[in-house]
Amino acid sequence: MKVLALTIVFGLITALQALDPLSLALEGQNITGTWYVKAVVADKGLFKEKRPKAVSPVMLDVLDGGYLEASFTFLKKGQCHEVKVVMHSTEEPGKFSLSRGKQYTYIKPLPVKDHFIFYCEGQNHGRRFRMGKLVGRSPDMNPEALEAFKKFTQRKGLPLEDIFLPTQTESCVPESD
């Protein structure tokens, strides 16, 4: 009887975990809340004149149904814009789908506490793109995290010389004339 009860309990636990793909996808790590973008790298196309000089934090929130929402603000032509992106977890741990499977974001924990890499790849307007962002819970740069980001950049074949370190802002602030 005890064996049957344990089997049922373990079966329920497994079923409940299957209903929460985010907890499985990120191995129980809490990714909700505020994340500061510390470094960015992209292949072909993020021209130096189009790079943001300052970035606001990214807010992550877990939604019902295995969805993850990322929101942030940015400045364009002197006006603030807010972007919200909803991602769906996939069967691959740490992999999230956007745009009907044409774009993916991978959330990779680093050995440095409270630091992750958000790595995006996919197609946009028929062109392939790849971008990596080093994010952390604090706006301060951690040299160990930056070194881990550089190694990741090299493994992905992205140019180290294209890594840039944007200025941190709390939110989008319109330019004054």
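This is a predicted model: local features need pLDDT of at least 70, side-chain atom pairs count only at pLDDT 80 or more; totals for chains, interfaces and linings use all residues.
Reader: Which residues of α3 are called buried, and what makes them so?

Author: They are A145, L146, A148, F149, F152 and T153. The cut-off is under 20% relative accessible area, so each of these residues lies below that value.

Reader: Why are these residues said to line one face of α3?

Author: Look down the axis of α3: the buried residues fall within an arc of 160°, and therefore they line one face of the helix.

Reader: How do you know that the span of α3 is close to the expected one?

Author: Set the two values side by side. Helix α3, residues 143-155, has 13 residues and reaches 19 Å from its first C-alpha to its last, while 18 Å is expected at 1.5 Å a residue. The expected span takes 1.5 Å times one less than the number of residues, and the value for α3 is close to it.

Reader: What is found at the two ends of α3?

Author: At the start, a side-chain oxygen of N142 reaches to within 2.8 Å of the backbone nitrogen of E144. The cut-off for a polar contact is 3.5 Å, so this pair lies inside it. After the helix comes G157, with a positive phi near 75°.

Reader: Turning to the strands, in what order do they close into a barrel?

Author: The order is β1-β3-β4-β5-β6-β7-β8-β9, which makes 8 strands with antiparallel pairing. From one strand to the next, the twist averages 35°.

Reader: What makes β8 and β9 a pair, and how many bridges do they have?

Author: Two strands pair if there are at least two bridges between them. β8 and β9 have 10, in the antiparallel sense, so they meet the cut-off. Within this pair, F116 stands opposite V135 in β9.

Reader: How do you know that β5 and β6 count as a pair?

Author: At least two bridges are needed, and β5 and β6 have 2, so they qualify. The pairing is antiparallel, and the bridge partner of S89 is F96 in β6. The hairpin of β5 and β6 has 5 residues between the strands, and G94 takes a positive phi near 80° there.

Reader: Why is G94 called buried?

Author: Its relative accessibility is 4%, and the cut-off is under 20%, so G94 counts as buried. G94 lies in the loop between β5 (79-89) and β6 (95-98). G94 and Y106 are 12 residues apart in sequence, with their C-alpha atoms 5.4 Å apart in space. K95, for its part, stands opposite Y106 in β7.

Reader: What joins β7 to the strands on either side, β6 and β8?

Author: 4 bridges join β6 to β7, and 7 bridges join β7 to β8. Both pairs run antiparallel. L98 stands opposite Q103 in β7, and T105 stands opposite C120 in β8.

Reader: Why is D114 called partly exposed, rather than buried or exposed?

Author: D114 has 36% relative accessibility, which falls between the 20% and 50% cut-offs, so D114 counts as partly exposed. D114 is in the loop between β7 and β8, and its phi near 60° is a positive value in a residue other than glycine. In general, most residues other than glycine have a negative phi.

Note on methods
Residues are numbered from 1 along each chain as its sequence is written. Side-chain values use heavy atoms; hydrogens and water are left out. Buried means under 20% relative accessible area, exposed over 50%, partly exposed in between (1.4 Å probe, protein chains only). The arc is that of the directions from the helix axis to the C-beta atoms. A polar contact is a pair of N or O atoms within 3.5 Å; within protein, one must be able to donate a hydrogen and the other to accept it, and residues adjacent in sequence count only if both atoms are side-chain atoms. Axes are lines fitted to C-alpha atoms, for helices over the stretch in contact, and angles run from 0 to 180 degrees between N-to-C directions.
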